[in-house]
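Q: Please walk me through this structure one feature at a time. I would like the general idea where there is one, and then the case at hand.

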Amino acid sequence: MLPQNGPAEDLTSAAMEQKIAEQPALAKGVNGKSNGNSNGNANGTNGHANGASTLPGLDASKLIITRADPTARAIPDEAAACSGIETICTDHMITVTWKASSGWSAPELRPYGPLSLMPTASVLHYATECFEGLKAYRGHDGRLRLFRPDLNARRMLMSTLRISLPAFDPAELEKLILALVAVDGPKWLPASRPGSYLYLRPAAIGTHPQLGVQAPKEALLFITASFMPRMDSPAGGMRLHTNPEDMIRAWVGGFGYAKVGANYGPSLLATNEARERGFGQILWLYGPEGYCTEAGASNFFVVWRKRDEEGGKLQLVTAPLDDKLILDGVTRRSVVELAKERLAGELEVVERKYTIDEVVAADKEGRLVEAFAAGTAFFICPVSQIRHRDYDVHIPMVKGESGQYTAKIKGWVSDIMYGNEQHPWGVVVEEQQ
C-alpha cells in the first residue's frame with residue numbers, strides 16, 4: 001500500500017471547485033448571488049478546457065419564439081388533466097442545445113412535442129441527466145408567480161456540474177423559465193382559476209451519440225410546464241415505512257444532494273413494496289445508526305419536546321446539509337427560515353443528525369408532537385404514521401388533518417406563493433397576453 005501524506009483529498013469537491021474557478025461568472029451563481037445582468041458569454045465550457053471559455057454561454061436574450069396555434073388544444077380541468085397515465089403539458093417548451101466545440105446555441109421557445117435522440121446518446125447509458133422542479137402559481141390577487149426560482153436555477157447548475165454536463169449562468173436559466181411561464185401562463189393558468197398551479201420541469205441531458213464512459217460533448221437543456229396532482233393532503237396524512245435494512249437511497253460521498261435521475265430510479269423498488277403494504281412513501285434511513293434523511297423524495301421534519309432533564313424545549317428538527325447526503329430543498333430552506341423568523345419564541349429550529357430510535361423514544365415517552373414532509377411535489381404534507389420494523393409510530397394530527405405547526409408553516413408558505421402575502425420570494429411574472 002502506498003503511504004499517504006496529509007489528509008485525504010475530497011476529489012469531488014476539488015473537481016467542482018476547479019470548474020467554477022475556470023469560469024468566474026459561475027461563482028456568483030453557485031455561491032448564492034445570481035448575476036442578474038450577465039451577458040452569458042463566460043460559461044460555455046463543461047470544465048474540461050483550461051481557463052475561461054470564449055464560447056457562447058447560455059443567453060436568454062437570444063430566445064427565438066415560434067408560437068403554437070393557440071386554438072389547437074383546449075385546456076382540461078385540473079382533475080381530468082391529472083387522472084390519466086400521461087403528463088399533460090402546455091402549448092410550448094424551451095430547448096437549448098450545447099456542443100463542446102461551439103458552446104450554447106440560441107434558446108428556442110417552440111410548440112411542445114417529441115425530442116429527437118440517438119440510441120447511443122450518453123443519457124440513455126450513463127445517467128448524464130439532471131432536472132429541477134418548481135411551480136407557477138395563479139394568485140388570489142390575479143397575478144402569476146414563481147416561488148424562489150433563483151434557488152432552483154442555482155441548484156440545477158450544481159447538479160449539472162456534478163455529472164459533467166455543461167455549466168451556465170443560473171440567472172439565464174431563471175429568465176428562460178420566466179419566459180415560458182409568461183407565454184403559457186395566461187392560457188393554462190387563467191385568472192379565473194386562482195389557487196391553481198403548473199409544474200415546471202427544467203432538465204438537462206447528455207446527447208452525445210457515442211458509447212464510452214466519458215463526459216458528453218453534446219447536451220440538451222429543456223423546460224416544460226404541465227399539470228400535476230395535488231399531493232399535500234392525503235386522507236389521514238402521509239404514512240411512511242422505513243427502508244429495508246439492505247437498501248439506502250443515498251450515501252455520504254455520493255450524489256444525494258444533487259437532483260440527478262440516478263437518485264430516483266433505484267428507490268422505486270422499495271417504494272412500490274411499501275405502497276403494496278398500504279404506505280405512501282419510504283422514510284430513508286442511513287447507516288447502522290439509522291439516521292433519518294428523507295421521506296420519499298422530500299425532506300423530513302419532526303416536532304418534538306426534549307426530555308424534562310434536557311430542558312423540555314420544543315424543537316423543529318430536520319437532517320443537516322453539511323454531509324451532502326440530502327437535497328437542499330427549496331421548500332425545506334423556506335420552512336427553516338420562516339420558522340426561525342416567526343416561531344422563535346415558541347420552538348427551536350435544529351438541523352442535526354437524528355435517528356429513528358430517537359423518534360421512537362419520543363413517541364413512547366409522549367414527546368412527539370407532529371411530523372411532515374416538505375418538497376415541491378408534496379408541498380408541506382403532514383405525516384401520520386411511521387412503520388419501523390415491527391413498531392408503529394402514530395403521530396398526532398389535529399382533527400385528523402395536520403399538526404398545529406405543520407398547518408401554520410404551510411399557511412405562511414402558501415400565502416407567499418399565491419399572493420396573499422407580498423414577499424420577495426414570490427416572483428411576479430409579466431404575462432404576455
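A: Start with one residue, and keep in mind that the model is predicted. Lysine 259 sits in the loop that links strand 10 (238-242) to helix 7 (268-276). The UniProt record, an unreviewed entry, places the feature "modified residue: N6-(pyridoxal phosphate)lysine" at Lys259.

Q: Is lysine 259 buried or exposed?
A: Buried is the label for a relative accessible area under 20%. Lysine 259 has 10%, so it is buried.

Q: Which residues does lysine 259 touch, apart from those up to four places away in sequence?
A: Its contacts are Cys130, Phe131, Glu132, Gly133, Arg155, Ser159, Tyr264 and Leu327.

Q: How is the largest pocket to be read, and which residues lie nearest its centre?
A: Rolling a probe the size of a water molecule over the atoms shows where empty space is left. Here the largest pocket holds about 690 Å³ of space. Its lining has 33 residues, and Lys259, Tyr264, Ala297, Ala377 and Phe378 are the ones nearest the centre. Strand 8, helix 7, strand 11, strand 13, helix 8 and strand 16 (368-375) each give at least two residues to that lining.

Q: How many cavities of 30 Å³ or more are there?
A: The count is two. In the largest cavity there is about 90 Å³ of space. Its lining consists of Gly133, Leu134, Lys135, Tyr137, Phe147, Asn152, Val330, Thr331, Gly375, Thr376, Phe379 and Met417. Strand 6 and helix 8 (330-342) are the elements that supply two or more of these residues. Strand 6 gives the most, with three residues.

Q: What should I look for in a strand such as strand 9?
A: In a regular strand the side chains alternate between the two faces of the sheet. Strand 9 (residues 218-226) is mostly covered, with eight of its nine residues buried.

Q: Which strands pair with strand 9?
A: Strand 2 (residues 92-99) pairs with strand 9 in the antiparallel sense over six bridges. In that pairing, valine 96 is opposite leucine 221 of strand 9. Strand 8 (residues 197-206) also runs antiparallel to strand 9, and eight bridges join the two. There, leucine 200 has alanine 225 of strand 9 as its bridge partner.

Q: Where does leucine 221 come in when I read the largest nonpolar core?
A: In soluble globular proteins, nonpolar side chains tend to be buried together. The largest nonpolar core here has 45 residues, and Leu173 and Leu221 touch the most other members. At least two residues of this core come from each of strand 2, strand 6 (134-138), strand 7 (144-147), helix 5 (149-162), helix 6 (170-188), strand 8 and strand 9. Helix 6 supplies the largest share, nine residues.

Q: What is leucine 173 in contact with, beyond its neighbours within four places in sequence?
A: Leucine 173 contacts Leu58, Ala153, Met156, Phe168, Pro202, Leu221 and Ile223. A second, separate core has 30 residues, among them Met228, Phe301, Val336 and Ala374.

Q: Which residues of helix 9 are buried?
A: An α-helix has 3.6 residues a turn, so residues three or four places apart point the same way. In helix 9 (residues 356-364), the buried residues include Ile356, Val359, Val360, Ala361, Ala362 and Asp363. After helix 9 comes glycine 366, with a positive phi near 75°.

Q: Where is serine 122, and what does it touch?
A: Serine 122 lies in the loop between strand 4 (108-111) and helix 4 (123-126). Its relative accessibility is 3%, so serine 122 counts as buried. Setting aside neighbours within four places in sequence, serine 122 contacts Ala127, Thr128, Gly206, Thr207, His208 and Pro216.

Technical notes:
Residues are numbered from 1 along each chain as its sequence is written. This is a predicted model: local features need pLDDT of at least 70, side-chain atom pairs count only at pLDDT 80 or more; totals for chains, interfaces and linings use all residues. Side-chain values use heavy atoms; hydrogens and water are left out. UniProt positions are given in the numbering used here, feature names are shortened, and annotations may be inferred rather than shown by experiment. Helices (H or I, at least four residues) and strands (E, at least two) are DSSP runs, numbered from the N terminus. Buried means under 20% relative accessible area, exposed over 50%, partly exposed in between (1.4 Å probe, protein chains only). Contact means heavy atoms within 4.5 Å. Two strands pair if DSSP finds at least two bridges between them. A nonpolar core is a set of buried Ala, Val, Leu, Ile, Met, Phe, Trp, Tyr and Cys residues joined through side-chain atoms within 4.5 Å. On a 1 Å grid over the protein atoms alone, a cavity is a set of points where a 1.4 Å probe fits but cannot get out, and a pocket is an open set with protein on both sides within 12 Å along at least five of seven lines; lining residues have an atom within 4 Å of a point. Grid points are joined across faces, edges and corners, and a volume is the space filled by probe spheres set on the points.
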